[in-house]
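Me: I am new to this structure and would like to learn how to read it. Could we go through it together, feature by feature?

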Amino acid sequence: MDGPKEIFLKDYKLPDYYFDTVDLKFSLGEEKTYVSSKISVIPRVEGSSAPLVLNGQDLNLVSVKVNEKELKDGDYLLDSRHLTLPSPPSGVFTLEIVTEIYPQKNTSLEGLYKSSGNFCTQCEAEGFRKITYYQDRPDIMARYTCRIEADKALYPVLLSNGNLIEQGDLEDGRHYALWEDPFKKPCYLFALVAGKLESRDDSFITRAGRKVSLRIWTPSQDLPKTGHAMHSLKAAMKWDEDVFGLEYDLDLFNIVAVPDFNMGAMENKSLNIFNSKLVLASPETATDADYAAILGVIGHEYFHNWTGNRVTCRDWFQLSLKEGLTVFRDQEFSSDMGSRTVKRISDVSKLRIYQYPQDAGPMAHPVRPHSYIKMDNFYTVTVYEKGAEVVRMYKTLLGSQGFRKGMDLYFQRHDGQAVTCEDFFAAMRDANDAEFSNFLLWYSQAGTPTVKVTSSYNAEAHTFSLKFCQEVPPTPGQPVKEPMFIPVSVGLLDSTGKDMPLSSVHHDGTLQSIAKDGQPVYSTVLRVTKKEEEFVFADVHERPIPSLLRGFSAPIRLESDLAESDLFFLLAHDSDEFNRWEAGQVLARKLMLTLVADFQQKKPLVLDPKFVHGLGSILRDPSLDKEFIAKAITLPGEGEIMDMMDVADPDAAHAVRVFIRKQIAQELKGDLISTVENNRSSDGYVFNHDNMARRALKNIALAYLAALDDPECTALAMHEYQTATNMTEQFAALAAIAQNPTKTREEVLADFYSKWQHDFLVVNKWFALQAMSNIPGNVENVRNLLNHPAFDLRNPNKVYSLIGGFCGSPVNFHAKDGSGYKFLGEVVVQLDKINPQVASRMVSAFSRWRRYDGTRQNLAKAQLEMIMSTNGLSENVFEIASKSLG
Ligand code: 0A1
Ligand code: ZN
């Protein structure tokens with residue numbers, strides 16, 4: 001067998017053949033399934049006789065016909081990955097292929113597979129080739145019909161993309177449905193579902209007055225839990241009309257929830273398939289975080305109808321064209337439905353916790369990668385979240401209206417096409433007559449830029465200078481970088497904490513006016529484009545405190561020369577709420593790093609009272625949003641602190657975090673207790689900002705208190721657990737109690753399981769909570785949970801909860817005896833045989849092994865080597881493991 005092949009962006013070639021129409025027929029069976037496809041093929045260049053190469057994997061070829069004539073063995077070439085017609089007819093021709101497949105044995109969950117007895121598909125990125133031989137690439141856009149035939153009693157519901165145009169009964173208890181999708185699409189957007197499902201039905205009237213039927217399909221017992229998903233869908237449809245002028249384009253929109261799914265959800269044209277976790281919710285079983293995730297992901301998949309489906313990607317390197325843009329759109333949607341500041345804080349935290357480490361490790365890749373072995377490995381936080389930051393920067397630079405003009409032009413130019421990131425850039429530029437060509441570096445250079453800022457005030461000249469110096473670190477394959485185009489949003493605070501009016505700035509030898517229409521502005525976006533650059537504000541009548549990178553205007557690491565007192569000042573006064581939070585985080589990170597050094601030198605740990613005082617005033621400030629307070633009093637995680645150390649020390653980072661939490665709990669105990677008491681639910685669960693904010697604040701206060709592990713606080717946590725009427729508060733109380741290795745912990749965990757064992761989504765939370773625990777020696781407990789009757793390696797959600805959760809524990813995954821690494825190594829090998837995509841996500845936990853001390857390095861490296869030496873390793877795991885070692 002050939003070794004895994006790397007595919008490069010620079011090798012992209014237009015296809016030799018296009019497909020115009022594709023008629024699919026599925027005959028679904030328990031033993032085998034037949035798939036027939038009839039494709040009208042059009043050569044790109046008239047008269048071309050280039051070979052036609054089709055992708056195929058794990059298929060049994062039954063027959064191939066060209067222009068209705070069956071081909072014999074020698075007329076085509078077949079290998080384990082391709083079916084090639086060496087000399088197809090010149091001109092337009094018809095190609096008919098029949099394959100036999102075995103969905104019931106498909107544990108990879110790509111292609112056609114079974115989940116809880118129902119058939120469903122997952123074709124992105126390259127799963128369609130597991131259904132039939134095809135040019136499995138997104139620039140092949142065709143019009144599809146799909147006829148599904150199956151046993152009527154077992155599979156009463158038959159769904160595919162587009163409109164249902166015919167259905168009826170057949171012999172032997174079978175029936176069929178014929179679907180037609182009027183829109184051209186790439187095969188990754190094809191979907192089929194067949195099963196015993198029922199739907200919650202609703203409708204949406206578009207702004208043009210068209211009625212769209214909305215259906216959410218689940219097994220009947222889950223239907224009551226689909227109300228929030230339906231509400232989210234309708235809100236998303238309305239929002240896209242209001243904000244982007246984008247209307248839904250068919251008369252039917254289906255969502256199907258399945259329990260076995262590798263990712264969150266999939267935007268197949270008019271037939272979105274979702275991981276059940278992102279559809280099903282009730283106050284008793286789902287937390288506020290689940291409700292928020294459902295809102296965001298329902299929005300995300302719906303928004304793909306325009307950004308992804310109507311305009312799609314030319315090739316998989318362009319993935320961020322649809323994903324970065326659609327994440328940006330779902331972030332904005334969620335912001336508009338809740339609190340903009342809190343949403344921004346959550347998104348930036350996610351970027352810092354997951355994307356920055358990726359950008360600094362062996363898997364670092366640009367938002368548009370240059371190469372891949374398995375595309376599945378590039379559905380990453382870089383492509384999604386950093387990609388969304390890149391889209392956000394267009395908006396920051398061009399303003400809301402300019403951004404909208406760019407979007408309009410993008411659709412005007414490219415509706416129905418498969419395009420590139422340059423096409424998006426060009427639409428933004430041309431719609432605004434903008435000049436920002438080196439902005440494209442955001443797509444091609446990996447690594448998080450570091451920007452150092454030094455400030456100085458000239459009291460005589462009344463000028464205030466900001467000097468920027470940027471550095472983009474080397475990443476695999478990119479040793480030297482060019483300076484990036486970085487929008488830095490800035491405001492200047494006066495000594496009372498108010499924003500100063502900004503009138504003009506000296507830059508590049510010219511004095512530029514900032515004021516708009518003669519009116520002063522209070523925040524401006526500086527365009528930092530060089531390695532070193534200075535901006536000098538004029539007419540600044542007192543020494544200001546600069547508020548830099550407001551709203552996190554670029555995905556960079558900012559290092560400023562602000563003094564501790566300046567940060568406390570910003571924390572108390574900045575009109576940019578994001579930066580208030582950020583000032584607190586900068587202070588916390590500095591403090592934690594100092595204490596880590598003390599811990600390593602075995603010095604006694606002492607907490608700076610100014611810090612506790614700062615948190616205390618935030619906690620007590622009635623003018624602040626409660627969810628903002630909850631975010632502001634949450635300490636950076638161990639990961640973020642380890643990220644800032646030369647050699648990551650999980651034990652020190654964890655010990656320091658625990659120490660600070662206990663200290664804060666001790667010193668603010670009275671305030672924290674009243675926070676819990678004053679924020680209990682008075683009536684039923686409502687999913688809106690005020691109620692979520694109240695619960696968030698109550699829950700964090702309880703978590704602090706329970707860290708003290710004293711009888712009073714444990715009793716309080718027990719009381720909250722027992723009296724909770726919703727999962728948000730019940731689970732938070734359980735988690736609070738479970739911090740400490742006590743008998744109460746064991747009892748409450750057992751109680752929770754016995755209450756919820758019938759609900760697999762709740763049981764997954766229970767697995768995750770135990771897996772993530774930092775209780776010493778937890779590896780053994782997690783190992784035992786692998787054999788728990790509710791656990792199953794074939795279900796990705798369970799793996800993400802238990803194995804993924806475990807890898808998030810600084811103490812146990814990184815246990816110095818190597819027991820955590822050994823556990824993960826063994827699981828990855830086992831899992832790879834079942835589901836390579838999920839296995840490769842798990843193996844990524846090893847990728848930053850070089851960040852740790854020598855002992856840990858050797859132990860982790862040994863596991864990676866063991867994995868690499870495994871027979872029959874998948875390409876997915878091979879790519880991550882080999883790049884991690886390389
Ligand atoms: N396009 C989907 C996510 C998705 C990607 C890959 C998958 O299989 C490898 C499945 C789903 C989204 O962005 O929602
Ligand atoms: Zn997406």
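Reply: Gladly; we will take strands, a domain record, the core and the ligand in turn. This is a predicted model, in which local features need pLDDT of at least 70, side-chain atom pairs count only at pLDDT 80 or more, and totals for chains, interfaces and linings use all residues. Residues are numbered from 1 along each chain as its sequence is written, while chains are lettered from A and ligands numbered from 1 in the order in which they are written.

Me: How do I read a strand, and which strand is joined to β14?

Reply: Strands (E, at least two residues) and helices (H or I, at least four) are DSSP runs numbered from the N terminus, and two strands pair if DSSP finds at least two bridges between them. Here β14 (residues 163–169) is joined by 6 bridges to β15 (residues 174–185), and the two run antiparallel. E166 stands opposite L178 in β15. The two strands form a hairpin with 4 residues between them, and D172 in the turn has a positive phi of about 60°.

Me: Does β14 lie in the open, or is it buried?

Reply: A residue counts as buried if 20 or more other C-beta atoms lie within 10 Å of its own, exposed if 12 or fewer, and partly exposed in between, with C-beta atoms placed from the backbone. Of the 7 residues of β14, the number buried is 0, so the strand lies largely in the open.

Me: What does UniProt list for residues 24–189?

Reply: An unreviewed UniProt entry lists this span as "domain: Aminopeptidase N-like N-terminal"; such annotations may be inferred rather than shown by experiment. In the model, residues 24–189 are 0% helix and 52% strand, and their end C-alpha atoms lie 14 Å apart.

Me: Which residues have the most contacts inside the largest nonpolar core?

Reply: In soluble globular proteins, nonpolar side chains tend to be buried together. A nonpolar core is a set of buried Ala, Val, Leu, Ile, Met, Phe, Trp, Tyr and Cys residues joined through C-beta atoms within 7 Å. The largest one has 250 residues, and V256 and M842 have the most contacts inside it. Helix α15 (residues 689–707) gives the most to this core, with 12 residues.

Me: Which residues come nearest to ligand 1?

Reply: A residue is near a molecule if its C-beta atom, placed from the backbone, lies within 6 Å of it. Of the 14 residues around ligand 1, E124, M263, M266, D376 and Y379 come nearest. β20 (265–266) and α2 (288–303) each supply at least two residues of this shell.
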